[in-house]
Amino acid sequence: MSTSTSTPIVCLLGPTTSGKTAAASALAQTTPIEIISVDSALVYREMDIGTAKPSKEELASIPHHLIDIIDPIQAYSVAKFRTDTLRLIDEIIARGRRPLLVGGTMLYHRALTQGLSPLPSADSAVREKLTIDAKNKGWPEMHLRLKKIDPITAGRLAPNDAQRIQRALEIYEISGKPMSQWIAQIKPVEKNVSYTFVPVALEPLDRSILHTRIDRRFSMMLNAGFIEEVARLRKRSDLHLGLPSMRCVGYRQIWQYLDNDIDYDTMRNKAISATRQLCKRQLTWLRAIPERRIVNCDAPNSQTRAVSTIKSIWNI
């Protein structure tokens, strides 16, 4: 394979429960691929059930990258993802194999295709102040605060999207400028010129089908020991709900349940609702990518169609 600017790098994208892992596994049966995870939750070790991490058998049979690479106490930035992914693409192609990017963290995909905007760095003091405010007032109230200073950003965030609300407020506190202005006015830098990223999107015609899958999968996670997984993490003295890892969908709600802040049914309903909101955000991001090639993930043959679409891009 050539490493010219025309080399297509397929990104298999989609909302949660759309069938990305299954489609990638089917492709691997006939094509020598290595999978690069485009998922901000799969980077964490000890977080397997709640992140729907590929099984040990899947990880052993297909080379995977950017999975289980950091401890939950650590942070993994978008910039680090971009650097790591571009390096991995070079290495995989040099081995004579095809890299396949698979996941649903759309901010990672945007960093690859559009470069990075130099947003203000995190400020631990400002973040701690916002965390205290949120504990006293609640995230819906913080969302209203954000709406007053940055209605554009607030409009695309759910009232309980703690991580993103906090980051948007932090940026305003640090710079005095709303996050939406940073994104709109600052020209992205360091665009990739080595490859052409081709998005293949697994999308539903009927979102309610994904909602049903989300409900079913969360029940399966609970039966598989999700609560016990969070309980083990909660025993660690260095982990807390303010960390990005513990803000992953499901982990926060189960942690609150273990703290006796909410009952079991409330935990389950909140976790499912948060997952549905994540799904909605992922679809919104996807629909802003006009060049994507859409595969209907509702269809019984969606896996076969996804594989065929990817192979047609690679001309194989």
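Me: Is Glu-91 buried, partly exposed or exposed?

Reply: Glu-91 counts as partly exposed, at 30% relative accessibility. Buried means under 20% relative accessible area, exposed over 50%, and partly exposed in between (1.4 Å probe, protein chains only). A word on the source: this is a predicted model, where local features need pLDDT of at least 70 and side-chain atom pairs count only at pLDDT 80 or more, while totals for chains, interfaces and linings use all residues. Residues are numbered from 1 along each chain as its sequence is written, and side-chain values use heavy atoms, leaving out hydrogens and water.

Me: Which side chain does Glu-91 meet in a salt bridge?

Reply: A salt bridge is a side-chain nitrogen of Lys or Arg within 4 Å of a carboxyl oxygen of Asp or Glu. Here the partner of Glu-91 is Arg-87, at 3.4 Å from N to O. The two are 4 residues apart in helix α3 (residues 78-94), so about one helical turn separates them. Helices (H or I, at least four residues) are DSSP runs, numbered from the N terminus, as are strands (E, at least two).

Me: How many salt bridges are there in the whole structure?

Reply: A search finds 20. One of them joins Arg-127 and Glu-170 at 2.7 Å, N to O. This pair links distant parts of the chain, helix α5 (residues 124-137) and helix α8 (residues 162-175), 43 residues apart. Arg-127 is partly exposed at 26%, whereas Glu-170 is buried at 0%.
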